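Start with the chains as a whole and end with the detail inside one of them.

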Number of protein chains: 2
Amino acid sequence: MGSEVTLKHVAEAAKVSPTTVSNFLNGHGSRMSPRTRKRVMRVIDELGYRPSRVARQLRTGRAQVLGLVVPSVANPFWGSFALAVEAEALRRQQQVLLCNSERDLEREKAYVEELWASGVKAVVLGSSLPSLDYLAPILERGLRVIAFDRERQPGDPETLVSVSVDSVLGGRLVTQHLLELGHRRIGFVSGPIATVSRRGRLAGYREALKLAGVRFRRQLVWDNVGSGFGDVQSAELGRRGMEALLTLPDPPTAVVAINDMYAIGACAAIRDAGLDVPGIAVAGFDDIVIARLYNPPLTTVRQPLQEMVRFIFDTIDDEATGRHQKTSRSMVMAPELIVRASTALPITPSSVVRR
Amino acid sequence: MGSEVTLKHVAEAAKVSPTTVSNFLNGHGSRMSPRTRKRVMRVIDELGYRPSRVARQLRTGRAQVLGLVVPSVANPFWGSFALAVEAEALRRQQQVLLCNSERDLEREKAYVEELWASGVKAVVLGSSLPSLDYLAPILERGLRVIAFDRERQPGDPETLVSVSVDSVLGGRLVTQHLLELGHRRIGFVSGPIATVSRRGRLAGYREALKLAGVRFRRQLVWDNVGSGFGDVQSAELGRRGMEALLTLPDPPTAVVAINDMYAIGACAAIRDAGLDVPGIAVAGFDDIVIARLYNPPLTTVRQPLQEMVRFIFDTIDDEATGRHQKTSRSMVMAPELIVRASTALPITPSSVVRR
DNA sequence: CTGTTAGCGCCTTCAT
DNA sequence: ATGAAGGCGCTAACAG
């Protein structure tokens, strides 16, 4: 039961030294006669020996584990992201330690430290809070952190890497789309605007309004400062936000939701109020799989997940080998507006692309 | 940079032996004078020392990591499940290593072995394949495996533990519901029926038909043996399946989808065909968050996630301490039918509960 | 109360 | 082509 097969056992059974077995394991098969190699191979197989990752890591200092911190995999966007990261990690023989921060600073911090203590050398940090100063000491010790969905901020630690879409542009694109359709009272539904990307999306919204000469009205922005901050209930929050906006004396005719889950909640609220979508137009963010399949299909802003994941791993490789040469410290990608029926009007402007 | 602070450094700086520091770390603070304790504490803080989990694990053999293998977190059901497991693990000071098997046997197997090699002592295995014989050798060595969403099978290894809902009952419940509404041509949309729970759901469907005296017709079951088997595209598969069923000379008037993602895809297909839901009734499984918020809200079968997660951890605790006493090797929970508008009829039978 | 000792399983010079 | 020795950072006897 407790007697695990170790390298030593293999060596004894194969009548060779531990070194030889180790050499075999580490691809130095050429350093021994074909006969010995065969024997070692056979014994390993017979005993069902698996080298201990723990011991190996303690010895070499190298871990083949990647940390991944996301707000919550209950949101399909983060689920898909986690899946994409894991798929790429698998290809590179790495494991992924998944952590759900629930957008809680303390929890995020605890996780990052825990990961570092576990020997993890690189952490992908999803949608993080405005200030990542708490990372400074741990970055200095050599942890590589790639922030995802969070554009690089002025005061950020030097060695922090960022990958994200241009969230301001994203916010501007959806809002302009709604403005072009003729909407003038456009709501904004979100949880607390306490991440960089959320701030960006809101800023884009305001920017678009300004460019169109529409006055920004605070009461059209629902950001639920009251309750919790997790993504677990994001759809529920979207619903509540929309309910609140609908009770305004002058309710919005269209609404920008902070992400697709909120948008779905908003749609439900609209129906519950006896209205319909796109009678009130709704747009989201992220283009989760369900967005296209919702009824009506959701207008949204897509993030180029695959490319972003590729950049993340290029960065990790890059820093693992030389001294961050090929890849930059900040990658901002273009968000793509996807127009669907949830923001349709009787007369569809010919300028927009439908899918 | 590479110079990490170790316990030894702390000991030197605090002018005590490594043992004392170790004792301090492991809660044996009482084994030293208050003065020493204070000093140690201060030095640890000043140096920013964090004990190496790797070394500790190598030494003690204890890991604070739990393995979690699911088909794909891109499906919100598994996302929610992963979140629930992680939340409970966090409470018990454990980390979770997340792996997406994509329902691929080789991949699942590779992950389990990888986890074992990493020193993981317990693995939660989501929705696994009919035969888990490959686990036998690794179970004998002491790995604890808790299968989730997979009822215990006759030939299963002795020490395997199972938690699941009664999937046959679940399949029967939805199907009977549709039958009660008067439907007689009821389709079944699924990916390959290659897991225990899927087989169970289909068996329940057939059982219900039989009890109602309705003949089972193979062509009403779409199980897409052709293409892939991941959950990534489950909604897409649902859509394709429904499309196929709609082209039958005698298309179904209602359909049972293997899960909510498939159901959502099926709904999209129905709309694309110019029909509507519940004009064709659609029911799913799992009660993902979005089910309630879909348009129309989806009838589905709920699994008691919280209780199941609790059982999982009770089991782990149990086996960790004594010799599996309190908990059993097989826990089958009751699925709950949730009736919503996606299976509504003009006249709603008064016997069903609405939410 | 505190220190000394002996490894956990593996990799890596350095010899042979 | 193979083997012996040392140590990664930590804990757990066992002494003092």
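The paragraphs below go from confidence and chain arrangement to the DNA strands and then to single strands and residues.

This is a predicted model, in which local features need pLDDT of at least 70 and side-chain atom pairs count only at pLDDT 80 or more, while totals for chains, interfaces and linings use all residues. Residues are numbered from 1 along each chain as its sequence is written, and chains are lettered from A and ligands numbered from 1 in the order in which they are written.

The predictor's confidence in each residue is given as pLDDT, from 0 to 100. Chain A has a mean pLDDT of 90, and 92% of its residues reach 70 or more. In residues 347–355 of chain A the pLDDT is below 50, and this stretch has 5 contacts in the model beyond near neighbours in sequence. Two residues are in contact here if their C-beta atoms, placed from the backbone, lie within 7 Å.

Between the chains, 46 residues of chain B are in contact with 46 residues of chain A. On the chain B side, H4, helix H5 (76–91), strand S2 (95–100), helix H6 (105–117), helix H11 (260–272) and helix H12 (289–293) each supply at least two residues. Helices (H or I, at least four residues) and strands (E, at least two) are DSSP runs, numbered from the N terminus. H5(B) gives the largest share of this side, 6 residues. By type, the side of chain B that touches chain A holds 24 nonpolar, 14 polar and 8 charged residues. In this division Ala, Val, Leu, Ile, Met, Phe, Trp, Tyr, Cys and Pro count as nonpolar, Asp, Glu, Lys and Arg as charged, and the others, Gly among them, as polar. The copies meet through the same surface, because 100% of the interface residues of chain B are also interface residues in chain A.

Next come the DNA strands. A residue is near a strand if its C-beta atom, placed from the backbone, lies within 6 Å of it. Around DNA strand C there are 27 residues, of which A:Thr6, A:Leu7, A:Ala55, B:Ser17 and B:Met32 come nearest. Helix H1 (7–14), helix H2 (18–25) and helix H4 (53–60) of chain A, along with helix H2 (18–25) and helix H4 (53–60) of chain B, each supply at least two residues of the surface near this DNA strand. H4(A) gives the most, with 5 residues. The surface near DNA strand C consists of 10 nonpolar, 11 polar and 6 charged residues.

For DNA strand D, 27 residues lie around it, and A:Ser17, A:Met32, B:Thr6, B:Leu7 and B:Ala55 come nearest. Here H2 and H4 of chain A and helix H1 (7–14), H2 and H4 of chain B each supply at least two residues. The largest share, 5 residues, comes from H4(B). The surface near DNA strand D divides into 10 nonpolar, 11 polar and 6 charged residues.

Within chain B, strand S3 (residues 122–126) is largely enclosed by the rest of the structure, because 5 of its 5 residues are buried. A residue is buried if 20 or more other C-beta atoms lie within 10 Å of its own, exposed if 12 or fewer, and partly exposed in between, with C-beta atoms placed from the backbone. B:Ala122, B:Val124 and B:Gly126 point one way from S3(B), and B:Val123 and B:Leu125 the other way. Strand S1 (residues 65–70) of chain B runs parallel to S3(B) and is joined to it by 3 bridges; B:Gly67 has B:Val123 as its bridge partner. S3(B) also pairs in the parallel sense with strand S4 (residues 144–148) of chain B, over 5 bridges, and B:Gly126 is partnered by B:Phe148. Two strands pair if DSSP finds at least two bridges between them.

An open sheet of 4 strands in chain B has the order S7-S6-S8-S9, with parallel pairing. Its edge strands, strand S7 (221–222) and strand S9 (281–283), each pair on one side only. Strand S6 (residues 186–189) and strand S8 (residues 254–257) of chain B pair over 4 bridges, with B:Val189 opposite B:Ala257.
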